[in-house]
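Hi everyone, thanks for coming. Have a look at the next slide, and then I'll walk you through a couple of spots.

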Amino acid sequence: MQVIPNSAQAWFLAARPKTLPAALVPVVTATALAWSKGEVNPVPVVLCMLFACLMQVAANLINDLYDFLRGSDRADRLGPERACQQGWITPRAMRFGIALTLLMACSCGLGLLPYGGVALVALGVACVVFAFLYTTLLSYVGCGDVLVLVFFGLVPVLGTYYVLRGELCTEAWWLAAACGTVVDTLLVVNNYRDREQDLVSGKRTLIVLIGGKAGAWLYLLLGLAAYVMLALVALNGYLWTAILPLFYLLPHYLTWRKMVKIGQGRALNRVLGFTARNILTFGVLAALSFLLP
């Protein structure tokens, strides 16, 4: 693939748009839950979505840059989205892109202050700090999955719901746990693919610690756990949350079968795409579950 250095195409690939469902699903489902309890203001909804997407892009750019600075060999296996390694974006331009993306994300976050109060400042700062810590430190000591549960589950779901309704509820907590768990399947398959190289390079992801076979089972169980957590919301009167998300389980299972059959190598990049699709499916079904009577 021929890409002009620092071109719009290069930046598009570096942003890794296929990962955006992981950022959007928690916000969209929390919005649907909030809407089920009464009309919501669309302005904070849009700002929450923009903040989530921009922080996801910033995290992707940070990961790209620091993998390059570490001299990582992972770029050869991860494909053309590793823009620094491919020479499509210079490190200096990448630093500027990270700063600009974070600035735009923080601007959206500041726009949420009239709706959620100054406590959101601390939440925003935590998002920025851990976007750096994940790539530079925490992903190397087996903490990546915990961060996904927090920053793709608890933070976006509870934060969005609180901004829209001014309070929290039991359903929001179960939804946050479900979203964090289903999004973690994306990290698990990523680390499952990279487990051998991570072991050699000293990166102790959860999959390195428990092994590839257990990691494959973890992928399957995470999807099942996400469904169960969402289905528990039915106890609060949202009966569709126990029915519609069932249609997520089949594609999740089939993707798991593909993952186990492929086992290792670049071919697992296809499983990453399927997993992102499954997460989006889960989000759509969850949102509909809250909106149906």
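Let's start with a question: are Asp 194 and Arg 193 buried or exposed? Asp 194 is buried, and Arg 193 is too; buried means under 20% relative accessible area, exposed over 50%, and partly exposed in between, with a 1.4 Å probe and protein chains only.

Quick housekeeping: this is a predicted model, where local features need pLDDT of at least 70, side-chain atom pairs count only at pLDDT 80 or more, and totals for chains, interfaces and linings use all residues. Residues are numbered from 1 along each chain as its sequence is written, and side-chain values use heavy atoms, leaving out hydrogens and water.

Okay, salt bridges. That's a side-chain nitrogen of Lys or Arg within 4 Å of a carboxyl oxygen of Asp or Glu. Searching the whole structure turns up 2. Asp 194 and Arg 193 make one of them, at 2.9 Å from N to O. In the other, Glu 171 pairs with Lys 37, again with 2.9 Å between the closest N and O atoms. Here, Glu 171 sits in helix α10 and Lys 37 in the loop between α2 and α3, 134 residues apart. Glu 171 is buried at 7% relative accessible area, while Lys 37, at 36%, is partly exposed.

Now helix α14, residues 246–262. Helices here are DSSP runs of H or I, at least four residues, numbered from the N terminus. Its buried residues include Tyr 248, His 252 and Trp 256, and the buried residues pack against α10, α13 and α15, contact being heavy atoms within 4.5 Å. Just past α14, Gly 263 has a positive phi of about 80°.

Note on methods
Helix = DSSP H or I, 4+ residues; strand = E, 2+ residues; numbered from the N terminus. Expected span 1.5 Å × (residues − 1).
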